[in-house]
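Student: I would like to go through the labels used for this protein and ask what each one rests on.

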Amino acid sequence: METLPTSNCERFAAKPLTRGGTPLPVWLTALDRGPLPPLEMTGCRRLVVVAPHPDDETLGLGATIAHLAASGVDVQVVSVSDGGAAHPGATSLQRTRMETTRRHELRRAAKVLEIPTPLSLGLPDGEFADHEDGLAEALTDVLAGAGPDTWCAATWRGDGHPDHEAVGRAAAAACARSDATLLEFPVWMWHWSNPADAVVPWARAHSMPVSGHAIVRKRLAAQCFRSQFEPCNGAPAPVLPGFVLPRLLAVGEVVFR
Ligand SMILES: [Zn+2]
């Protein structure tokens, strides 16, 4: 029996985004020396991608989404929150504005990835752990309604961000109830972890085989999230520093199955 993954939130908290995190060459050298086996996706007719915040689906799995959609797989993105807490200490008005902006950015990104408009669940950003049972129920309904041969991709249960880990746990529970196949994708692992890290389930890690066209769609879709990559609301720096996107684009897409 597989042991439950432990939380890595303390690991992430110890490496704030104001510092660079694990340098890209460290990842590229390791992935070059020990390439991950590509994931076999035949048997997947529908994919539900669960994103804690608008942009996680694109940053973590955007090329896979575009690739599968172009191959005839039904892809549905579920956006758990509208990402209102991007700026700590924001007023409720600023929060509402940020949510509106990010919902709009996500819709534009979905068009670029050539998938239907994402489903928004509207949970409060930053507080998923308090709503995990309800989230698992909502995801179970989505997966049960999607039909047979549905796979579900969610942020990894050990990703280090409390919301990302809560989404991974809720998706795992929903997959167990609905018989969907679970994939977990890392987003913040690339920042706080390293290739020799024993807390990462490397034995379950696979690379996602995607077309050049799909990688181009991902790059274009990522540019939709200007509220995250450009300074806004009078803040001196963007929510996500400039090194985050190039690192994610360069390491490619990885899932744990
Ligand atoms: Zn996120």
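Predicted model: local features only at pLDDT ≥ 70, side-chain atom pairs only at ≥ 80, totals over all residues.

Student: Why is the contact between Asp82 and Arg103 called a salt bridge?

Tutor: The rule asks for a side-chain nitrogen of Lys or Arg within 4 Å of a carboxyl oxygen of Asp or Glu. The closest N and O atoms of Asp82 and Arg103 are 2.7 Å apart, so the pair meets the rule. Asp82 sits in the loop between strand S2 (74-81) and helix H4 (92-113), and Arg103 in helix H4, 21 residues apart.

Student: What makes Asp82 buried or exposed?

Tutor: Buried means under 20% relative accessible area. Asp82 has 9%, so Asp82 is buried.

Student: What makes Glu132 and Arg169 a salt bridge?

Tutor: Their closest N and O atoms are 2.7 Å apart, and the limit is 4 Å, so the pair counts. The link joins distant parts of the chain: Glu132 is in helix H5 (residues 132-146) and Arg169 in helix H6, 37 residues apart. Arg169 has a relative accessible area of 33% and is therefore partly exposed.

Student: How do you know that Arg226 and Glu230 qualify as a salt bridge?

Tutor: Here the closest N and O atoms are 3.3 Å apart. That is within 4 Å, so Arg226 and Glu230 form a salt bridge. Glu230 counts as partly exposed because its relative accessibility is 34%.

Student: How many salt bridges does the rule give, and which residues are linked in a network?

Tutor: The count comes to nine salt bridges. Arg157, Glu184 and Arg204 are linked in a network.

Student: Why is Leu220 called partly exposed?

Tutor: Its relative accessibility is 37%, which falls between 20% and 50%, so Leu220 is partly exposed. Leu220 lies in helix H8 (residues 212-222).

Student: Which residues are closest to the centre of the largest pocket, and how much space does the pocket hold?

Tutor: About 690 Å³ of space lies in the largest pocket. Of its 29 lining residues, Leu17, Ala86, His161, Val239 and Leu240 are the closest to the centre. Helix H1 (9-13), helix H3 (56-70) and helix H6 (162-178) each give two or more residues to the lining.

Student: What is the make-up of that lining by class?

Tutor: The lining of the largest pocket has 16 nonpolar, seven polar and six charged residues.

Note on methods: Residues numbered from 1 in each chain as written. Heavy atoms only, no water. 1 Å grid on protein atoms, 1.4 Å probe; cavity = no way out; pocket = protein on both sides within 12 Å on 5 of 7 lines; lining within 4 Å. Points joined across faces, edges and corners; volume = space filled by probe spheres on them. Helix = DSSP H or I, 4+ residues; strand = E, 2+ residues; numbered from the N terminus. Nonpolar A, V, L, I, M, F, W, Y, C, P; charged D, E, K, R; others polar. Buried < 20%, exposed > 50% of the residue type's maximum accessible area, 1.4 Å probe, protein only.
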